[in-house]
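Okay, everyone, thanks for coming. Let me put the model up and then talk you through it.

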Amino acid sequence: MYKEQILDLYRKPRNEGTLETDHRAEGENKSCGDHTEMFIQIENNQAEKVRHQTDGCAICTAAASITSEEIEGQDIDDIQDLDRDWIIDKLGTDISPMRTKCAVLGLKTAQKAVKESK
């Protein structure tokens with residue numbers, strides 16, 4: 001059903017954990033119960049470190065892991081410009097309309113966390 005990369009990221013999430021930072025946000029997908037919390041250390045307008053704690057399905061957890069890896073080192077303005085097509089492309093598989101909310105939860109939560117820094 002899912003590509004091996006998604007299952008690997010679900011079983012062994014990347015950048016899992018917390019950070020002591022003022023830039024954190026929580027996100028929830030009430031339709032299926034996914035929950036994530038993103039922690040972002042920002043220095044010089046860049047996401048220097050990114051961590052997440054995600055309790056969700058394989059798509060949600062894999063997408064949060066990918067987001068945490070990909071945005072680390074990026075300018076916060078560039079992070080705000082990312083969209084659902086970006087994360088779906090990074091997942092590398094077709095995502096049904098019902099699973100789109102799962103796929104974008106980590107990205108939207110990260111964007112919420114960096115928005116507070118502006």
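This is a predicted model: local features need pLDDT of at least 70, side-chain atom pairs count only at pLDDT 80 or more; totals for chains, interfaces and linings use all residues.

On to the overall layout. The protein chain has five helices and three strands, and from the N terminus they go α-β-β-β-α-α-α-α. The radius of gyration is 13 Å, close to the 13 Å from the globule rule for 118 residues, so the chain is as compact as a globular protein of that length. Buried residues account for 46% of those 118. And if you take contacts between residues at least 6 apart in sequence, 59% of them join residues at least 24 apart.

Now the hairpin. β1, residues 24-29, pairs with β2, residues 34-43, in the antiparallel sense, over six bridges. Asn29 stands opposite Asp34 in β2. Four residues sit between the strands, and Gly33 has a positive phi near 90°. In a regular strand, side chains alternate between the two faces of the sheet. In β1, Ala25, Gly27 and Asn29 make up the covered face, while Arg24, Glu26 and Glu28 are on the uncovered one.

Last stop, Thr61, in helix α2, residues 58-71. Is Thr61 buried or exposed? Its relative accessibility is 4%, and the cut-off for buried is under 20%, so Thr61 counts as buried. Beyond its neighbours within four places in sequence, Thr61 contacts Leu9, Tyr10, Pro13, His52, Thr54 and Gly56. Thr61 and Arg11 are 50 residues apart in sequence, yet their C-alphas are 8.8 Å apart in space.

Methods
Residues are numbered from 1 along each chain as its sequence is written. Side-chain values use heavy atoms; hydrogens and water are left out. Buried means under 20% relative accessible area, exposed over 50%, partly exposed in between (1.4 Å probe, protein chains only). Helices (H or I, at least four residues) and strands (E, at least two) are DSSP runs, numbered from the N terminus. Two strands pair if DSSP finds at least two bridges between them. Contact means heavy atoms within 4.5 Å. The radius of gyration is taken over C-alpha atoms; the globule rule is 2.2 Å times the number of residues to the power 0.38.
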